[in-house]
Amino acid sequence: MNQTPAGFGPPPEPFQPQPSGTGGGGGRRISGRTAIVLAVLAGVLLVLGGGVYLAVGGDRGKPAAQDGKESAVPSGSPSVDQGDGKGSGVGSGVYDPNAGIQPGEARVWLRDNQTEVVGAGASQYGPWRVGDIVVKAMYKEVTGYAVADGQEKWKLPLQTPLCGVPRAPSATGKLVVGVKESDSATAHCTQLQQIDLTTGTAGWKAPVPQENSYDSSLEFEMAIAGDTVAVARSAVMSGFSVTDGRKLFGTSNTNGCSPSAFAGGSRLISLRNCFAPKEPVGSARSMVEELDPATGGSKWSHTYEKGWNVGRVLSVDPLVVAAYNKEKKTWNITAFTPDGKVRSQSDAGFGVSGRCNGWGNSTGYQECYAAVADADTLYIGAGKTGPDLGIDDTRQVVAVDLNTGKEKWRTAEQPKDRTVWPLAVEDGRIVVYVRPGSGETGSVVSLAPADGSSQPLLQSPAAAAGAEGVIYDHGVRIAWAGGRLFLLNGRVASPEPGVASRAILSFGK
């Protein structure tokens, strides 16, 4: 069903709790039936994930497939997946994100934060789907929810706060996190804790031995690859077995290049800063290196030209890295071959969020939730370049050829306040989340890799737009798994009477 019901206004300021009796957004709600009537009156619509465009003549409805030309979305689309109808339909208080749900719309479940946290709030990590459980981590707890309806299945309390969380667990569902030595705000990150996400039980706990006298940190940069959890901090690194916590390797410096972060998954990628003798710290050159997860030994390395800073690892396999140059006010995309040779490198002719090129973001080197790659193409949420290297409006998807670095196609722009987030390549198509904007609800669509033409997958109800809208762009963490979308607010506040701090929302099959 290709309706795009108008909903709530644009999202509020980040991390601001909302009254529990509303969806969290402002503005007048328009029912799904009213939206259909409006659509008919408007004439022929072009739809990308619920974003509406008026066909005004010419050949705008025909997709352009090559040479960086804009790909509009065809008007014909199959029916939206209806989901399985098992969502709870009840959020906190009286707010129901499924109120007025229409045939063809996917049911939503929503959970608000019920945990007291210190200060202005706490960061959330995840979400990770493991079988029929979806898991998030926050402050001093890790919680598992039923995928189908969001009911809490287990909660594991931690003795001290989190201070390091990898992007993803191991293939066996084991997560290893960093925890502080005490509850103090200035406490150092000194311990590793293994957690079995399938059962919600704690496994081994082990201290992180110092690699040198300067090895001390308030937080860890972590990644898991195979059976290794790699930990970077204060210009040193160590590797430990995910299975039993044994230390596998540790080093502080390699040929004048100090480790700063990792990216994990099917490979272990190390990011380093290389310092030339007698040159200031600010002149360091960025290095990308692949390590053997079992030994920490280098397989290959690539050093960037002076002035370029590695910002994000957009894909591990194939390896695609974003770097930026502050002085030149530009950023580029580098694709590597499996043996570390440069496959292509090109300055980007479009803007992306700072979370996807690293501009203004010095941690979380795998924290871009709007980029995926297949064997030959990168698909990334993009928009017009602005005065800064990081932009807020990523209202289209751009496809970049990894063999040449050239743009292959881009979708038409979504209306203002709607952002698009490529999440996965699945069954030969690109899965994209389209965030609700002013007057529209959120949705999931799939794009054809040849030209970006779209088909709808899931549509959330109009009543859910407010709750989706307060899961703020700058901190949101997203997962698409098993036909379901999971949205995790990057930060939550302590519960208050009559006020809801939206924590996690899901809709899908």
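I call a residue buried when its relative accessible area is under 20%. The model is predicted, and I keep that in mind.

Entry: I looked up cysteine 356. Its relative accessible area is 2%, so cysteine 356 is buried. Cysteine 368 has 5% and is buried too. A disulfide joins the two, S to S 2.0 Å. Cysteine 356 sits in helix α2 and cysteine 368 in the loop between α2 and β26, so the link ties together parts twelve residues apart in sequence. The angle about the S-S bond is 80°, and the link is right-handed.

**Entry: other disulfides.** How many disulfides does a search of the whole structure find? I got three. A disulfide is a covalent bond between the sulfur atoms of two cysteines.

I checked cysteine 163 and cysteine 189 next. Their sulfur atoms are 1.9 Å apart. Cysteine 163 lies in strand β10 and cysteine 189 in strand β12, so the pair ties together parts 26 residues apart in sequence.

Then I took cysteine 257 and cysteine 274, with sulfur atoms 2.1 Å apart. They lie in strands β18 and β19, so this pair ties together parts 17 residues apart in sequence. Both cysteine 257 and cysteine 274 are buried.

I noted the pattern along the chain: 1-2, 3-4, 5-6, counting bonded cysteines.

**Entry: a sheet.** I traced an open sheet of four strands, β22-β23-β24-β25, with antiparallel pairing. Its edge strands are β22 and β25. Six bridges join β22 to β23. I also found that valine 313 has valine 321 in β23 as its bridge partner.

Conventions. Residues are numbered from 1 along each chain as its sequence is written. This is a predicted model: local features need pLDDT of at least 70, side-chain atom pairs count only at pLDDT 80 or more; totals for chains, interfaces and linings use all residues. Side-chain values use heavy atoms; hydrogens and water are left out. Two strands pair if DSSP finds at least two bridges between them. Helices (H or I, at least four residues) and strands (E, at least two) are DSSP runs, numbered from the N terminus. A disulfide is a pair of cysteine sulfur atoms within 2.5 Å. Buried means under 20% relative accessible area, exposed over 50%, partly exposed in between (1.4 Å probe, protein chains only).
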